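Subject: Handing over a structure

Hi there,

Here is the structure I promised to pass on to you. Have a look at it first, and my notes follow below.

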Amino acid sequence: MAPVSAAERQRRYRARRNADTEKRQKYLESERQRWQRNKELGKKKLINDLSDREKRQQRKKWRENNRKRKEAKAKMKNLDTPPLTPDIVQEQKAKRVESAQRSSDGPCTQYKQKGNVFLFCTQLAQRGITGGTWNFFEASHGKGAPDGVGGTLKRKADKLVSKGRDIPDAKELFKALTEEETTVKLFYVESEDVEQAVQRMPKEIPPVPSIMKTHQMVTTSPGEITYREISCLCSTQKQLACECFSTLHYTVSKPPAKMVKEGIAWESEDIIGKWCVLMYENDLYPGIIINTDETHALVKCMHKAGANRFYWPPRDDILWYLFDDVLQLIHPPQPVTSRHMEIQKDVYKELAGLLQ
Ligand SMILES: [Zn+2]
């Protein structure tokens, strides 16, 4: 066993003493007496008995102590991120939850953004849940139970509105549904709580390569996920750490490659029709930008035949990519053979140097 330091012994002694009410009272009383004694002896003075200089010093000390106490309190408060749902709190009290399973559909900007990936692989661990899976389904597939619950609530709300009740916002909806005594457990998340949680998230989360094609995300340790194009069923056997179907790995704290931050003007309308280079699974691909939204670009991509050799696939390969995966705009690739094209050599060389 490691030797216990004097400070640690002292700390343990105090904790034991303070836990015992009688001993704690006795201790406080003796401290009061000591203070009185010191005051009578002139060792301790009230603030009014101090000289101006001593007053300033004492008040500075008090301010400093107050500041430290407030900071410590704020720090403790910030440790926890978004609000716990009452459900999770209760469930954790009742029994230990080991892993959490989540099903959703997969609209890219809504669910498959790196902020959600970050929360998914950090928040579960903070709540003492060691593993989690998140399966993304295609629209109207496979989400029976949760969709059913949502549907029930929607129907209930529709009924209330048709009876003349106004439901202008989320809070009112929550109130109305709670009054209906539904068996569905409801809780309300204040928008300030959400805003605060967002503010506590790191500003720079590295992009998750090829997240668009992903159908399953698994976390078994904080800040890390494995993910794949196909949902693997090992997780139904409580086997979360499998490597089936070319599993990819992602760590929140480690960027996949040095990114070229040229700053592409995504909001500009001229961007449509421009050529760009994408990074996808640690490879480079040229493509034409077809459309953009707030966070993603729709790109028609060429396929790879070798180092800096690309061709148009027989079927168009058009997908949404995160802005972060689009490395830079380029001139149109030039034909080198009757079938293959290449990116401008120096541009390709420079970008290839950025890959791992
Ligand atoms: Zn598997």
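At what angle do helix α6 and helix α7 pack, and how far apart are their axes? Helix α6 (residues 144-162) and helix α7 (residues 170-179) pack at about 95°, with 10 Å between their axes. Axes here are lines fitted to C-alpha atoms, for helices over the stretch in contact, and angles run from 0 to 180 degrees between N-to-C directions. The two helices are therefore roughly perpendicular to each other (angles under 35 degrees count as roughly parallel, over 145 as roughly antiparallel, 65 to 115 as roughly perpendicular and the rest as oblique).

Before going on, two notes on the source. This is a predicted model, in which local features need pLDDT of at least 70 and side-chain atom pairs count only at pLDDT 80 or more, while totals for chains, interfaces and linings use all residues. Residues are numbered from 1 along each chain as its sequence is written.

Back to the helix pair: L153, K156, A157 and L160 in α6 meet L173, A176 and L177 in α7 (a contact means C-beta atoms, placed from the backbone, within 7 Å). By class, this contact of α6 with α7 has 6 nonpolar, no polar and 1 charged residues (Ala, Val, Leu, Ile, Met, Phe, Trp, Tyr, Cys and Pro count as nonpolar, Asp, Glu, Lys and Arg as charged, and the others, Gly among them, as polar).

For the overall picture, the protein has 9 helices and 14 strands; these are DSSP runs numbered from the N terminus, with helices being H or I of at least four residues and strands E of at least two.

Five strands form an open sheet in the order β1-β2-β3-β4-β5, with mixed pairing (two strands pair if DSSP finds at least two bridges between them). Its edge strands, β1 (99-105) and β5 (248-251), each pair on one side only. From one strand to the next, the twist averages 20°. Helix α5 (residues 114-126) packs on this sheet, where it touches β1, β2, β3 and β4 (224-228), and its direction makes about 35° with that of β3.

Within the sheet, β2 (residues 131-137) and β3 (residues 216-221) run antiparallel and are joined by 4 bridges; N135 stands opposite Q216 in β3. β3 and β4 also pair in the antiparallel sense, over 4 bridges, and S221 has E224 in β4 as its bridge partner. Their hairpin has 2 residues between the strands, and G223 there takes a positive phi near 80°.

The loop between β4 and β5 holds both F245 and S246. F245 has a positive phi of about 50° although it is not a glycine, and S246, also not a glycine, has a positive phi near 40°. F245 counts as partly exposed, with 14 C-beta neighbours inside 10 Å, while S246, with 9, counts as exposed.

Helix α1 (residues 6-19) has 14 residues, of which 0 are buried, so it lies largely in the open. N282 sits in the loop between β6 (275-280) and β7 (283-292), and its C-alpha atom is 8.0 Å from that of P209, 73 residues apart along the chain.

Happy exploring!

Terms used: Contact = placed C-beta atoms within 7 Å. Expected span 1.5 Å × (residues − 1). Buried ≥ 20, exposed ≤ 12 C-beta atoms within 10 Å, placed from the backbone.
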